[in-house]
2 protein chains.
Amino acid sequence: MSLELSVDRSSPVPLYFQLSQQLEAAIEHGSLTPGSLLGNEIELAARLGLSRPTVRQAIQSLVDKGLLVRRRGVGTQVVHSQVKRPLELSSLYDDLEAAGQRPATKVLVNTVVPATAEVAAALGVAEDSDVHRVERLRLAHGEPMAHLCNFIPPGLLDLDTAQLESTGLYRMMRAVGITLHSARQTIGARGATAAEADRLGEQEGAPLLTMQRVTFDDTGRAVEYGTHTYRPSRYSFEFQLLVRS
Amino acid sequence: MSLELSVDRSSPVPLYFQLSQQLEAAIEHGSLTPGSLLGNEIELAARLGLSRPTVRQAIQSLVDKGLLVRRRGVGTQVVHSQVKRPLELSSLYDDLEAAGQRPATKVLVNTVVPATAEVAAALGVAEDSDVHRVERLRLAHGEPMAHLCNFIPPGLLDLDTAQLESTGLYRMMRAVGITLHSARQTIGARGATAAEADRLGEQEGAPLLTMQRVTFDDTGRAVEYGTHTYRPSRYSFEFQLLVRS
DNA sequence: TCAATGCATATGTCCGGACAATCGAACTAC
DNA sequence: GTAGTTCGATTGTCCGGACATATGCATTGA
């Protein structure tokens, strides 16, 4: 029952992180069954040769992830819900790939245009200033799934069409050192226009799922504004929320 | 420029929380302008008569909220993006009320039914066992906005119809000591059936925004399963995401 | 002129301890 | 038997210090 935990003090990986990873793995693997107590922090710290703050930091990170619940006077329990993964700033490309769908991308437009008022406001640039405009069709199993229209401020990225077709936009950003920080999203629905229906292989007026997103990097700079439409029969937004306590 | 910070050691409110609230207020209020450095932790601790871990805990909580960014060797900066509020486990009722829309609720169904396979799986109860079924129509300005169909395990809540019409389901749960913890959501879209169109004042086949949600309390117990449909012309999901680092 | 080095600065990690607040259960008194 | 009380267990908060590590800038060298 006492699962084997150990830390490597010679590793550059922080001790609290080593511990939290092992605990997370144990929960994932089932060694730590839902509802079971984790044992008190003091004793756990002693067993591992760590200080209590370090152990607390490890446990806290899992509490923040929603895997554990602490209760004063009781102990720390493994939450027994089917927590998959909390909502992250997800990329459609990564989502599809994780689902084993082998996503393909077709670049429809890759050009530079003057920013409309809407785009300028979203990206925080001057109206009519140059921005990149990229329009892509995302396919899975050869079927169109989504139409992605993105605007990117100039100078951030080398928007190579070949690269856009072989990977996702977020990956390209991360590859050039942009660290994504937050995004503001709006999800809605509406009927397809004739042009949209044609692109996605639906009929005019068919329900479409729409998503608009402005993404910011860690300096607070807007790095992307996107207007996406999804075929609801092929895609829906699925995620786990945690209550902020 | 040196904003006035102070802590009350006689207060039962934790010191780190007092500090984080004051910092958050200063950011909100504009005393701490976006991009500005926060000053080093050591000096801040000395100025307030606190220890560095306490100050760090306060700062960390704001970093987790996405208001601050720490950079080793540089300092802690106020993020200058229009962070409104990170995605929370939101209640439609609260959302509408916050938007000043004076929500109204009409209870269509409030009964006990045997759980279908779908409901039983979502709530983790036995198939055909009794569950509450509540169907409501949510209106704003007298116009229907959404149709809410919820299933609740028995014994959790006194589902008084009058109370359901005057407040939201989540508030009723919190009022009886249920602490919401997480939820699994799916957002999609589809065309309205004839019955749905009639209820919401739309036409058959009109695009509808759909949301399904299972909500868990802090013991991991499912406390609610809901299938909602929204009129996309009246409502869309809008939220802020943070990247988990 | 430009690149490499060194240094000050700030956060990141970790320690060991102290006391308070809360929960649950056993115990006691009525 | 039931209600109230006490007590042990456990997490919550806070302290003061130590060293590691990444960053930016000034200095130095080719």
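A:Glu196 counts as buried in this predicted model, with a relative accessibility of 9%. The residue sits in helix H8 of chain A. Setting aside residues within four places in sequence, A:Glu196 is in contact with A:Arg190, A:Gly191, A:Leu208 and A:Thr229.

B:Leu48 belongs to helix H2 of chain B, and at 12% relative accessibility it counts as buried. What does B:Leu48 touch, once residues up to four places away in sequence are left out? The list reads B:Leu5, B:Ser6, B:Val7 and B:Leu19. For B:Leu19, the sequence separation from B:Leu48 is 29 residues, and the two C-alpha atoms are 9.4 Å apart.

**Helix packing in chain B**

Helix H2 also has a helix partner. In general, a pair of packed helices is described by the angle between the axes and the distance between them. For H2 (residues 41-48) and H3 (residues 52-65) of chain B, the angle is about 110° and the axes are 9 Å apart. Angles from 65 to 115 degrees count as roughly perpendicular, so H2(B) and H3(B) are roughly perpendicular to each other.

Which residues meet there? From H2(B) come B:Glu41, B:Ile42, B:Leu44 and B:Ala45, and from H3(B) come B:Arg52, B:Val55, B:Arg56 and B:Ile59. By class, the residues of this contact are five nonpolar, three charged and no polar.

**Salt bridges**

Now for the charges. Side chains of opposite charge can pair when their charged atoms come close. Over all chains, a search of the whole structure turns up 26 salt bridges. Here are a few of them:

| Pair | Closest N to O distance |
|---|---|
| A:Arg184 and B:Glu238 | 3.2 Å |
| A:Asp217 and A:Arg221 | 2.8 Å |

Take A:Arg184 and B:Glu238, which form a salt bridge with their closest N and O atoms 3.2 Å apart. A:Arg184 lies in strand S6 (residues 180-191) of chain A and B:Glu238 in strand S9 (residues 237-242) of chain B, so this pair joins two chains. A:Arg184 counts as partly exposed at 23% relative accessibility, and B:Glu238 counts as partly exposed at 43%.

A:Arg231 is in the loop between strand S8 (222-230) and strand S9 (237-242) of chain A, while A:Glu202 is in the loop between helix H8 (194-200) and strand S7 (207-217) of chain A, so the pair ties together parts that are 29 residues apart in sequence. Is A:Arg231 buried or exposed? Its relative accessibility is 6%, and under 20% means buried, so A:Arg231 counts as buried. A:Glu202, at 23% relative accessibility, counts as partly exposed.

Then there is A:Asp217, which forms a salt bridge with A:Arg221. A:Asp217 is buried, its relative accessible area being 2%, whereas A:Arg221 counts as partly exposed at 41% relative accessibility.

Salt bridges also link up into a network in chain A. Its members are A:Glu41, A:Arg52, A:Arg56 and A:Arg70.

Lastly, a couple of phi values to check in the viewer. Most residues other than glycine have a negative phi. A:His141 is not a glycine, yet it has a positive phi of about 55°. Where does A:His141 sit? Its place is the loop between strand S4 (130-140) and strand S5 (143-152) of chain A. At 59% relative accessibility, A:His141 counts as exposed.

In chain B, B:Asp128 has a positive phi as well, near 70°, and is also a residue other than glycine. B:Asp128 lies in the loop between helix H5 (117-123) and strand S4 (130-140) of chain B. With a relative accessible area of 55%, B:Asp128 is exposed.

Terms used:
Residues numbered from 1 in each chain as written. Chains lettered and ligands numbered in written order. Predicted model: local features only at pLDDT ≥ 70, side-chain atom pairs only at ≥ 80, totals over all residues. Heavy atoms only, no water. Axes fitted to C-alpha atoms, helices over the stretch in contact; angles between N-to-C directions. Helix = DSSP H or I, 4+ residues; strand = E, 2+ residues; numbered from the N terminus. Parallel < 35°, antiparallel > 145°, perpendicular 65-115°, else oblique. Contact = heavy atoms within 4.5 Å. Nonpolar A, V, L, I, M, F, W, Y, C, P; charged D, E, K, R; others polar. Salt bridge = Lys/Arg side-chain N within 4 Å of Asp/Glu carboxyl O. Buried < 20%, exposed > 50% of the residue type's maximum accessible area, 1.4 Å probe, protein only.
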